[in-house]
Amino acid sequence: MKTGLAIMLLSGASTLPGLGLAADKAGVSFSHKDWELACDNTGTCRAAGYQVDGAEPAVSLLLVRDAGARQPVSARVQLGSYAESDVALAANVSHLVIKSGARKLGTIDLVPGAQSSPLNGATLAVILPALLQASSVVFSSGKHDWTLSTAGASAVLLKMDEAQGRIGTVGALVRKGGKSENEVGKSTLAPVIAAAAVPRESRQDIVLAPGQRGDLLQALRQVASRDDCPGMYPSAGQQAEDDLRVHRLSPDKLLASMVCETYAYNQSAMFWVINPQAPFAPVSAGGDASSYSGGEISASHKGRGLGDCWSSSVHTWDGKQFVWTKESTTGMCRLVAPGGAWELPTYVTSVRKSDGTLR
């Protein structure tokens, strides 16, 4: 099983495709020091920087840029809200001065009640060079400072330029040149996935007779080894059938699942599409997942027990199979916010529900 999946995704170790990023199904994930990059399959890239690991208070800056010529960079700032001490520091703060050393770079007005606030274009234009040259960028309320590390920013923003084909162009963030951006990779529309309707009872377990459960378990053991799913091969005195769940997908197909491994703060399960009765003929619908609901198999894993960083993916039932529809993380484990600082997808789709609506 992929026991290190969440940590691997959050570390961002990845190779980068070149100009053809938008056609690359898996997108891009990369990190260096206190900065990371996530580019999705449409070509949109998101770069996030944080305070030095272990420093207080927490702060993060997110830069977003779509693929294509002459696309602007947008930015949002988030003050730490995970620790009670960070919440207290940010209370009643509505305005921050942004500095690099003794130099004032601009200001930002915080949006009341919002988790993050946008930077205006003029301020961002001044901050971007500072990210490449200064050792830090400070957001100050006058009483307290939030210090954003720039370590790794140059490498990450260079990778963003590379992924979007901007190196050597007038629009590059790091390695500018005289070339026009007319030939940079264009944005690609997210694939549209048609989700099939599932019965209302799909949210509830189907109760199988004891004999059927035993037969199904044996059928699953034919396609999944002990290494694949230790939970199907329990120790003496334990019953694997206790963790076997079955849901209805359609009149002629069911979904079976088994908890394979349980860790300190994550759980890993496998799923199979099966026939309603023997021969069950199980077909894998994915592993290292977490749960099923309403036609979707979801994987949601903490990067660590503190719950400040997560990785997630979704596979959606289209009437024949479960199709990959989302891959994302919430960024580095830096205690910025409960549940993670940002949404950093590497694969996105538009799912058309059975009623015709998109989400």
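Trainee: How many salt bridges turn up in a search of the whole structure?
Mentor: Ten. Keep in mind that this is a predicted model.

Trainee: Pick one. What does Arg334 form a salt bridge with?
Mentor: Asp53, with the closest N and O atoms 3.6 Å apart. The pair links distant parts of the chain, 281 residues apart. Arg334 sits in the loop between strands S19 and S20, and Asp53 in the loop between strands S3 and S4.

Trainee: Is Arg334 buried or exposed?
Mentor: Buried, at a relative accessible area of 10%. Asp53 is exposed, at 53%.

Trainee: Next pair. Which residue does Arg65 bridge to?
Mentor: Glu181, where the closest N and O atoms are 4.0 Å apart. Arg65 is in strand S4 and Glu181 in the loop between helix H4 and strand S11, so the bridge ties together parts 116 residues apart in sequence. Both Arg65 and Glu181 are buried.

Trainee: And what about Glu343 and Lys326, how far is N from O there?
Mentor: 3.2 Å, in a salt bridge between their side chains. Glu343 is in the loop between S19 and S20, Lys326 is in strand S19, and 17 residues separate them. Glu343 is partly exposed, with a relative accessible area of 42%. Lys326 is also partly exposed, at 29%.

Trainee: Which residues do salt bridges with shared partners join into one network?
Mentor: Asp34, Asp53 and Arg334.

Trainee: Switching topic. Where does Thr316 lie?
Mentor: In strand S18, which runs over residues 310-317. Thr316 has a relative accessible area of 1%, so it counts as buried, the cut-off being under 20%.

Trainee: What does its side chain make a polar contact with?
Mentor: The side chain of Thr325, at 3.0 Å. Leaving aside neighbours within four places in sequence, Thr316 is in contact with several residues, including Ala195, Gly295, Phe322 and Val351.

Trainee: Last one, helix H3. How many residues does it have?
Mentor: 13, covering 121-133. From first C-alpha to last, H3 reaches 19 Å, close to the 18 Å expected.

Trainee: Which of its residues are buried?
Mentor: Thr123, Leu124, Ile127, Leu128, Ala130 and Leu131. For reading that list, an α-helix has 3.6 residues a turn, so residues three or four places apart point the same way.

Trainee: What happens at the start of H3?
Mentor: A side-chain oxygen of Asn120 comes to within 3.2 Å of the backbone nitrogen of Ala122.

Key. Residues are numbered from 1 along each chain as its sequence is written. This is a predicted model: local features need pLDDT of at least 70, side-chain atom pairs count only at pLDDT 80 or more; totals for chains, interfaces and linings use all residues. Side-chain values use heavy atoms; hydrogens and water are left out. Helices (H or I, at least four residues) and strands (E, at least two) are DSSP runs, numbered from the N terminus. The expected span of a helix is 1.5 Å times one less than its number of residues. Buried means under 20% relative accessible area, exposed over 50%, partly exposed in between (1.4 Å probe, protein chains only). A polar contact is a pair of N or O atoms within 3.5 Å; within protein, one must be able to donate a hydrogen and the other to accept it, and residues adjacent in sequence count only if both atoms are side-chain atoms. Contact means heavy atoms within 4.5 Å.
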